[in-house]
Amino acid sequence: METSRIYEEFPAPDYRGSQRQALTDIKSAFDAGNDVVLVRAPTGSGKSLLARAIAGCARRAGSGDPTAPTRAYYTTPQVSQLDDVAGDRLLDDLSIIRGKTNYNCILPGETDTPVTRAPCAREREFDCEVKHRCPYFSDRTIAANQPIAAMTLAYFMQTAGSDVFGTRDVVVVDEAHGLGNWAEMYATIELAADTVPFWHDVTPPAIDGLDDAVAYADRLQTLADRRLEELRGNAELTPEEAATRDRLTELRSDLQWFAEEYRDPEASTTWVVDQPDGEGTRVTIKPMRPERYLAHTVWDRGQKFALLSATILNKDAFCATVGLDPDTVALVEVPHTFPVENRPLYDIARGKMTYEHREDTLPKIARSIVRIMQSHPDEKGLIHCHSYAIQEQLHALLADFGVASRLRRHDSDDRDGQLGAWKRADDPDVFLSVKMEEALDLEGDLCRWQVLCKAPYPNTRDSRVAHRLSEGQWSWYYRVALRTVIQACGRIVRAPDDYGATYLADSSLLDLFERARHDMPDWFYAQVDRMSEPSLPAFAPTDALGSGSNASQRRRSRSSRSTDENHPLSDVWD
């Protein structure tokens, strides 16, 4: 790694905020001999530009030892983050490659066929005359030969061991705070009718512990080997057979890794197994702290690593999660240069949003949201609903108050489309979102206010969460929730002159701030320290409909509904 180039590799014409000092600190950290540098940079500080400068320091061919790795990888868990990189002219020298399912075949009659199901994947020794023009293989070839190859973390992990994407000098991971969780998710093995092609031939018995799970995995692996041998004996496969072959190959690899890890006394991976509905039903095998998985898929892929995020909250805890030695890891802290008064937090909490209290608390939150809408009649807002159940209940409550005409929402199938439509709209609509706390850029008038409906604690019914809590890992539990809150708070203030208000509706959020204080970055503590209760107007739903182009229509719709005095929720505490 040639850190002396870090300033000339910075892609923007000018530095903003603390970017130059950040590059100096990053350079010093690598020059001090650290193999891994964690860069804790607040949302909006230009992490992608810093990432590009670091990647540009990778060793070049012809420099020093000719056998040493050269070039760099840029990877991120977030597809939307990769999309942002693709659309940023300052980062246009990053060669982007996506997974095969994102590309279609270009052969006549196959243009609706994903590359994974194309003739080259179905027919033995198929000689494609247009492979040089195939979008996937073209992008792959370019990325494999360019100085910086950019890809999602999923594709990066899948290409471990690939002859095409081998070890490089520098690996940069953007939005790296969830690296351990992402690895656990990718390494989770789901055994069910939709993942095991021969499921009905070998449905599982009652799985009572890991010994039972390994025995069942051995049976599945034997059958997978047999079916794969049969398919590979065919000179040509149908698209469905090609899909089955690929699924069996993946299944066999997963099962083999699980069995070997479980039986290896030196392995550090801990496993938990779930079969909540008993005999004959889905089995989920989950790894915890899959250090060897990360070693193979990430740490063996480079010489030097830069991991960037706003929310790597605790260096030692992060290193333990991902299998790094903290003695070889440095933490660079990038200060927040956005004025704290431009990113205020407001306490509107009127109770807990835990399941047992939600029925009482959510109507109060809905009423407060109406008043917030009144305070922001001409500005777009975002409601972080946490779950689809809360989204549905909240939408119904707000509709009963007569403000549905200003609301938008999505489901799991149309989230991107609905989000895009809301962002493009001119009216000051309010978007009820689920799981959009990360990788969402709402600079300027795209959104001026947001509400956090619930403290985002991990689900204690998840076996991995339950296992950690049984071991007393409560600091981890609070840290995960705090990380999500900080990410959410960064969605709407994206530049030094940008501004936006965040309203906290769950009293458990205030408790979280107390419990996780020692893990808070100073710049976020400054926000928490000046948190206050807002001065909201008296409850008047008609005034919440805004004054945009559709305001008159909204008010006419409101006038046909029950008035505030006659409303069934009019006695909700205010």
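One caution before we start. This is a predicted model. Keep that in mind throughout.

Let's begin with the open sheet. It has seven strands, in the order S3-S4-S2-S5-S9-S1-S10. The pairing is parallel. Which strands stand at the edges? They are strand S3, residues 95-96, and strand S10, residues 329-333. Each has a single partner strand, so one side of each is left without a neighbour in the sheet. As a reminder, strands of a sheet pair through backbone hydrogen bonds, either parallel or antiparallel.

Now walk along the middle of that order. Start with strand S2, residues 72-76, and strand S4, residues 148-152. Five bridges join the two, and they run parallel. Find Thr-76 in the model. Its bridge partner in S4 is Thr-152.

On to S5. S2 also pairs with S5, in the parallel sense, over four bridges. Here Ala-72 has Val-170 of S5 as its bridge partner. Then carry on from S5 to strand S9, residues 302-309. Five bridges link these parallel strands. Val-170 turns up again: in S9, its bridge partner is Lys-304. So much for pairing. How many residues of S5 are buried? Six of its six, across residues 168-173.

Look at strand S14, residues 430-433.

S14 has neighbours. Strand S12, residues 381-384, runs parallel to S14, and four bridges join the two. His-384 has Ser-433 as its bridge partner there. Strand S13, residues 407-409, pairs with S14 too, again in the parallel sense, over three bridges. In that pairing Leu-407 stands opposite Val-430.

Stay with S14 and follow the chain onward. The loop between S14 and strand S15, residues 449-452, holds Lys-435. Ala-439 is found in that loop as well. Why pick these two? Most residues other than glycine have a negative phi, and most peptide bonds are trans. Lys-435 has a positive phi, near 55°. Ala-439 also has a positive phi, of about 55°. Neither residue is a glycine. Ala-439 is buried because its relative accessible area is 17%, and the cut-off is under 20%.

Now the cores. Nonpolar side chains tend to be buried together in soluble globular proteins. The largest nonpolar core here has 62 residues. Those with the most contacts inside it are Phe-165, Leu-191, Phe-198, Phe-258, Trp-299 and Leu-307. Which helix gives the most to this core? Helix H8, residues 210-232, with 10 residues.

Zoom in on Trp-299. Setting aside neighbours within four places in sequence, Trp-299 is in contact with Leu-179, Leu-294, Phe-305, Leu-307, Val-322 and Leu-324.

Then the second largest pocket. Its space is about 660 Å³. The lining has 28 residues. Lying nearest the centre are Gly-46, Ser-48, Asp-88, Asp-441 and Arg-494. Helix H2, 47-55, and helix H3, 79-86, each supply at least two residues of the lining. By type, the lining divides into nine nonpolar, eight polar and 11 charged residues.

Gln-158 sits in helix H6, residues 153-158. It is exposed, because its relative accessible area is 61% and the cut-off is over 50%. Gln-158 and Thr-297 are 139 residues apart in sequence, yet 7.4 Å apart in space, C-alpha to C-alpha.

His-467 belongs to helix H15, residues 463-470. At 24% relative accessibility, His-467 counts as partly exposed. His-467 and Val-272 are 195 residues apart in sequence and 8.0 Å apart in space, C-alpha to C-alpha. Not counting residues up to four places away in sequence, His-467 touches Thr-270, Val-272 and Met-288.

That's my tour. Questions are welcome.

Methods. Residues numbered from 1 in each chain as written. Predicted model: local features only at pLDDT ≥ 70, side-chain atom pairs only at ≥ 80, totals over all residues. Heavy atoms only, no water. Core = buried A, V, L, I, M, F, W, Y, C linked by side-chain atoms within 4.5 Å. Buried < 20%, exposed > 50% of the residue type's maximum accessible area, 1.4 Å probe, protein only. Contact = heavy atoms within 4.5 Å. 1 Å grid on protein atoms, 1.4 Å probe; cavity = no way out; pocket = protein on both sides within 12 Å on 5 of 7 lines; lining within 4 Å. Points joined across faces, edges and corners; volume = space filled by probe spheres on them. Nonpolar A, V, L, I, M, F, W, Y, C, P; charged D, E, K, R; others polar. Pairing = 2+ DSSP bridges.
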